[in-house]
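Biologist: I am new to this structure. Please walk me through its charged pairs and a few of its strands.

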Amino acid sequence: MRHPPRLPALLAGAALTAASTALALVGTATGAAAAPVCTVQYSVTGSWAGGFQGALTVTNNGPSVSSWKLGFDFPAGQVISQGWGARWSQSGASVTASNESWNGSLATGASATTGFLASWSGGNPAPGTFTLNGTVCNQDAPPTPTPTPTPTPTPTPTPAPTAPPPVTGAPELGVTGNRLTDQNGATRRLLGVNRSGGEFMCVQGYGIFDGPVDDAAVQAIADWKANAVRIPLNEECWLGLANVKPEYRGATYQNAVKDLVGRVLAHGMTPIVELHWTYGQYTGNSAGCADVHATCQKPMPDAQYTPAFWASVAETFKNDRRVAFDLFNEPYPDRATPTAAQAWTCWRDGGTCPGIGYEVAGMQDLVDAVRGTGAQNLLLVPGLAYSNDLSQWLAHRPTDPAGRLAAAWHVYNFNSCVDETCWGSTLAPVAAQVPLVAGEIGENTCGHGFVDRVMKWFDERGLSYLGWTWNTWNCASGPALITSYDGTPTAFGTGLRDHLRALNGN
């Protein structure tokens with residue numbers, strides 16, 4: 001969020017690693033019914049208010065096939081919003097999953113696994129009947145007659161594996177396909193708030209945080225049923241540069257941040273440590289300030305200090321994978337460079353970028369700085385246009401040897417990409433491949449009609465979002481969620497609070 005002039009501005013209830021609905025049957029001995037031509041195992045792997053994630057494994061017990069189509073009916077009005085491992089379609093209650101080009105061949109005994117996100121209301125019973133290429137699965141084939149049937153002993157059932165207990169508190173976050181997952185493989189969503197202050201108070205000489213961050217203040221955030229808190233930081237304050245007052249820089253600042261991270265974790269929430277304001281003089285298009293110091297949002301991180309900042313932060317938190325890293329708040333090299341191609345190249349590779357007068361650190365430089373410490377923490381990587389543009393994110397994304405990258409996106413009602421058409425064309429392709437986190441959502445209307453639409457779109461796809469901001473500002477100072485640090489919401493904040501409580505339990 002670009003701040004005003006003065007003080008600038010899952011799965012709910014734990015992911016359900018449900019045991020598969022035991023629909024697959026075993027084959028029978030000679031003289032009895034033959035093994036089913038196909039078997040299907042269906043499971044709900046995660047659930048939240050109004051939505052769930054499902055998985056299906058189909059096994060072909062018949063002759064080899066070169067393509068397959070799995071069919072079933074939802075019994076209670078469930079509606080699929082997204083799927084993977086197959087081409088999904090739905091007409092009324094009837095659902096079809098057809099193979100992708102790379103997994104169409106199913107030899108005898110071979111299996112294919114697919115998954116999906118869906119909505120539900122009232123109840124979520126499992127489908128009763130499945131078909132593979134039109135043949136009913138999980139059903140004995142007709143008996144094969146034999147002249148002298150030989151009784152065989154009843155096999156001893158193999159006990160189902162015991163599912164690991166759900167992770168309590170903040171999880172160790174990883175990435176599985178396009179999902180955030182915990183250490184047990186359950187899907188997780190980050191749903192919470194931003195706690196602004198650490199990016200500007202120190203460099204302006206007022207303190208370290210804007211308002212209290214003691215245990216009671218963090219508990220107030222948890223009382224909204226948030227499960228994540230994004231904490232914006234200032235690189236000059238963290239690194240202890242001389243332009244910052246001694247009492248607000250270096251070890252003092254770092255210890256205050258570590259204390260807040262510890263309190264967020266103690267209340268079961270994920271801390272997202274984020275770099276907001278950085279060094280480097282920029283006076284071009286849309287400049288936030290003419291100052292060389294980290295006193296406003298710059299178009300890109302600087303090569304002089306930002307890699308050192310992230311190496312230090314990563315070294316501090318690398319032994320706790322419950323802490324996530326958001327690499328840079330809101331890049332806007334597109335306002336400085338003549339073309340979009342130049343902007344995206346600058347974004348990824350850094351160096352000397354057209355229109356930016358300082359040496360830039362690209363997103364790849366920041367990933368390398370973190371991973372160079374051995375840190376395996378989740379990394380959030382923003383796009384262009386103040387993080388509102390992900391149109392070429394997939395084509396330019398940095399390489400991560402740990403495979404733990406998520407795309408970060410910001411949206412306010414005054415941005416460019418503010419409707420479902422834009423979200424469908426630019427966000428959906430990204431969300432189909434990597435986890436997508438809306439690190440900031442908000443509006444300047446003193447209401448919540450816009451963010452309600454954003455949350456609905458993200459809920460339907462099982463994605464993550466955090467409201468801006470847990471500070472007692474007013475509409476003229478930016479979207480403020482609260483009027484008091486005891487958690488009393490503004491009219492804008494009421495929408496997010498009530499929605500989080502509905503998702504995660506009152």
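Modeller: Let us begin with a network. This is a predicted model. Salt bridges link Arg 230, Glu 274, Asp 326 and Glu 440 in a network.

Biologist: How far apart are the closest N and O atoms of Arg 230 and Glu 274?

Modeller: Arg 230 sits in strand β14 (residues 228-234) and Glu 274 in strand β15 (residues 270-277). The pair links distant parts of the chain, 44 residues apart. The two form a salt bridge, for which N and O must lie within 4 Å. Their closest N and O atoms are separated by 3.5 Å.

Biologist: Is Glu 274 buried or exposed?

Modeller: The cut-off for buried is under 20% relative accessible area. Glu 274 has 0% relative accessibility, so Glu 274 counts as buried.

Biologist: Why does Arg 230 count as buried?

Modeller: Buried means under 20% relative accessible area. Arg 230 counts as buried because its relative accessibility is 0%.

Biologist: How many residues apart in sequence are the parts that Arg 230 and Asp 326 tie together?

Modeller: The side chains of Arg 230 and Asp 326 meet in a salt bridge, 2.9 Å from N to O. Arg 230 lies in strand β14, and Asp 326 in strand β16 (residues 324-326), so the pair ties together parts of the chain that are apart in sequence by 96 residues.

Biologist: What is the relative accessible area of Asp 326?

Modeller: Asp 326 is buried. That calls for a value under 20%. For Asp 326 the relative accessible area is 0%.

Biologist: Which residue meets Asp 459 in a salt bridge?

Modeller: Asp 459 is in helix α9 (residues 449-460). Its partner is in the loop between β12 (187-188) and β13 (191-194), 270 residues apart from Asp 459. Both residues are buried. The N to O distance is 2.6 Å, and the partner is Arg 189.

Biologist: Now the strands. What is the bridge partner of Asp 73 in β6?

Modeller: Strand β3 (residues 69-73) and strand β6 (residues 94-98) run antiparallel. They are joined by 5 bridges. In β6, Asp 73 has as its bridge partner Ser 94.

Biologist: And in β8, what is the bridge partner of Phe 72?

Modeller: β3 is also joined to strand β8 (residues 130-132), by 3 bridges. These two strands run antiparallel. In β8, Phe 72 has as its bridge partner Phe 130.

How values were computed:
Residues are numbered from 1 along each chain as its sequence is written. This is a predicted model: local features need pLDDT of at least 70, side-chain atom pairs count only at pLDDT 80 or more; totals for chains, interfaces and linings use all residues. Side-chain values use heavy atoms; hydrogens and water are left out. Helices (H or I, at least four residues) and strands (E, at least two) are DSSP runs, numbered from the N terminus. Buried means under 20% relative accessible area, exposed over 50%, partly exposed in between (1.4 Å probe, protein chains only). Two strands pair if DSSP finds at least two bridges between them.
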